[in-house]
Amino acid sequence: MNVTADSVWNECLSFIKDNIKPQAYKTWFEPIKPVKLSGEALTIQVPSKFFYEWLEEHYIKLLRVALVRQLGNDAKLIYDVKMENNYSSNRPQIVKIPSSNRDPLKPQRVTVPLESNKRELRNPFVIPGLQKVKIESQLNPNYSFANFIEGDSNRLARSAGMAVANKPGGTSFNPLLIYGGVGLGKTHLAHAIGVDIKDKYPDKTVLYISSEKFTQQFIDSVKSNTRNDFIHFYQMIDVLLIDDVQFLSGKAGTQDVFFHIFNHLHQNGKQVILTSDKAPVDMQDIEQRLLSRFKWGLSAELQAPDYETRISILQNKLYRDGVEMPEDIVEYIAKNIKSNVRELEGVVISMIAQASFNRKEFSVELAKQIVDKFVKNTKKEVSIDYIQKEVSKYFDMDVATLQSKTRKRHIVQARQLAMFFAKRLTKTSLASIGNQIGQRDHATVLHACKTVDNLTETDKQFKKYVEDLTKKLTF
């Protein structure tokens, strides 16, 4: 007779059923599914971590006897614990956990240190009983290097990403920090690196996560008193990709825990990839010790694509969507949408939708209508860093001078204008504006805004400053 996981488990169940109450059998043994038989090791699937812990605590001796009857004294039991996946509906996480009583011959020698001279230091990063966690990487396979079009604006970042994908943790680009404005492909490139690593190294544990989700998980772990489990989990990752790392600013607890996770991964040759909308030098409210680590590897900037790259991006998008569009229309779109890749693709999608649903032919006129609406409806995202740079450039000084403590009149006025536009063009709080523009408090920002309003009404030259800067910043 052919021995299979099903046949062995069915025999075990017959024995177990005779030795426990029917209700207990129904609750704790009927939901179990046999998965695999490998030699003397039987793998069974249980529905939760709690389920596994209950079996180990209350029924391990019964399971041991049943297994030994079927597989002999060397019988081993391994659990596949199905864990709910909060971040994707694709499939649950599976955690393989060997039974704590898998070695029937030497149960006492595990706990008694008989040879005290040869005792080894216990590795605090190893979770007892945990073999390997199958983690869903949360990568989007549609984001690949194949459809990340290379140009002068992104060549360094793309090349570094490919080097990291070929040898994760083995290059000097660790961490790799990819930074740039909105819609330039930071997330796409991070996913592409992860997808390529998974293709080349299927056994490596790769995890993509946004910094907001990471922060929320940390908060939840503190609430549920499982902070150490949270840290241990992230220390097991081979390639960690964290998106929008600038959102860690001001979150001291999350920065602290990420600092320890980062150190462990880096020291053990694991790869860390970060994305941010600004360079490390421009990040605010991030601890210095963390910023210095961000600078350890390579910081690669993604810039707005040039005309040729925009043409290539549009042609690639049309090719992937199976759509043919006349060259003059493609060129018109490329000439008029300059800010980022997301807007370029958005115009193409709108064109395809108009053609499909309203039965309109592709034409330069249709492209013009869509581009006009698109550009008009797309407000430039203005940051406080950008405001400070533009104001400093306008008054022919550097940002450090603008932020300095000096009371020289022209510098004070430039600083007040920066605060005024920061309040007007961003949703940032007064306290945060003051903190970012020279470590001032919210009262200073309020005073600056009132001063600018008063001077605009009474001083013609100052009014011109405000008008010129308004045009520059709201273009």
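Residues are numbered from 1 along each chain as its sequence is written, and side-chain values use heavy atoms, with hydrogens and water left out. Because the model is predicted, local features need pLDDT of at least 70 and side-chain atom pairs count only at pLDDT 80 or more, whereas totals for chains, interfaces and linings use all residues.

Helices and strands are DSSP runs numbered from the N terminus, with helices (H or I) of at least four residues and strands (E) of at least two. Five strands form an open sheet in the order S7-S8-S9-S6-S10, with parallel pairing, where two strands pair if DSSP finds at least two bridges between them. Strand S7 (206-210) and strand S10 (298-302) stand at the edges with a single partner strand each, so one side of each is left without a neighbour in the sheet. From one strand to the next, the twist averages 15 degrees; axes are lines fitted to C-alpha atoms, for helices over the stretch in contact, and angles run from 0 to 180 degrees between N-to-C directions.

Within this sheet, S7 and S8 run parallel and are joined by five bridges, and valine 206 stands opposite valine 239 in S8. S8 in turn pairs with S9 in the parallel sense over four bridges, with valine 272 of S9 as the bridge partner of leucine 240. Strand S6 (residues 176-180) is likewise joined to strand S9 (residues 271-276) by four bridges, the two strands running parallel, and threonine 275 in S9 is the bridge partner of isoleucine 178. Strand S8 is mostly covered, five of its five residues being buried, where buried means under 20% relative accessible area, exposed over 50%, and partly exposed in between (1.4 Å probe, protein chains only). Val239, Leu241 and Asp243 point one way from S8, while Leu240 and Ile242 point the other way, and all are buried.

Helix H6 (residues 186-200) lies across S6, S7, strand S8 (239-243), S9 and S10, running at about 150 degrees to S6, whereas helix H7 (residues 211-223) lies across S7 and S8 and runs at about 90 degrees to S7. For "binding site", an unreviewed UniProt entry lists Gly183, Gly185, Lys186 and Thr187; UniProt positions are given in the numbering used here, feature names are shortened, and annotations may be inferred rather than shown by experiment.

Of these listed positions, glycine 183 is placed in the loop between S6 and H6 and counts as buried at 7% relative accessibility. Not counting residues up to four places away in sequence, glycine 183 touches Asn340, Val341 and Arg342, contact meaning heavy atoms within 4.5 Å. Lysine 186 lies in helix H6 and, at 9% relative accessibility, counts as buried. Leaving aside neighbours within four places in sequence, lysine 186 is in contact with Ile178, Tyr179, Gly180, Gly181, Thr275, Ser276, Asp277 and Leu302. A polar atom of the lysine 186 side chain lies 2.8 Å from the backbone oxygen of glycine 181.

Glutamine 255, in helix H9 (residues 252-267), is buried with a relative accessible area of 2%. Not counting residues up to four places away in sequence, glutamine 255 touches Leu248, Ser249, Gly250, Asp285, Ile286, Glu287 and Leu290. The C-alpha atoms of glutamine 255 and leucine 290 are separated by 7.5 Å, although these residues are 35 residues apart along the chain. The side chain of glutamine 255 also reaches the backbone oxygen of leucine 248 at 2.8 Å.

H15 is followed by aspartate 396, whose phi is positive, near 60 degrees. The axes of helix H17 (residues 409-425) and helix H19 (residues 442-458) come within 8 Å and cross at roughly 100 degrees. That makes H17 roughly perpendicular to H19, a class that spans 65 to 115 degrees, with angles under 35 degrees counted as roughly parallel, over 145 as roughly antiparallel and the rest as oblique. Among the residues making this contact are Gln413, Leu417 and Phe420 of H17 and Thr444, Ala448 and Val452 of H19.

Notes:
A polar contact is a pair of N or O atoms within 3.5 Å; within protein, one must be able to donate a hydrogen and the other to accept it, and residues adjacent in sequence count only if both atoms are side-chain atoms.
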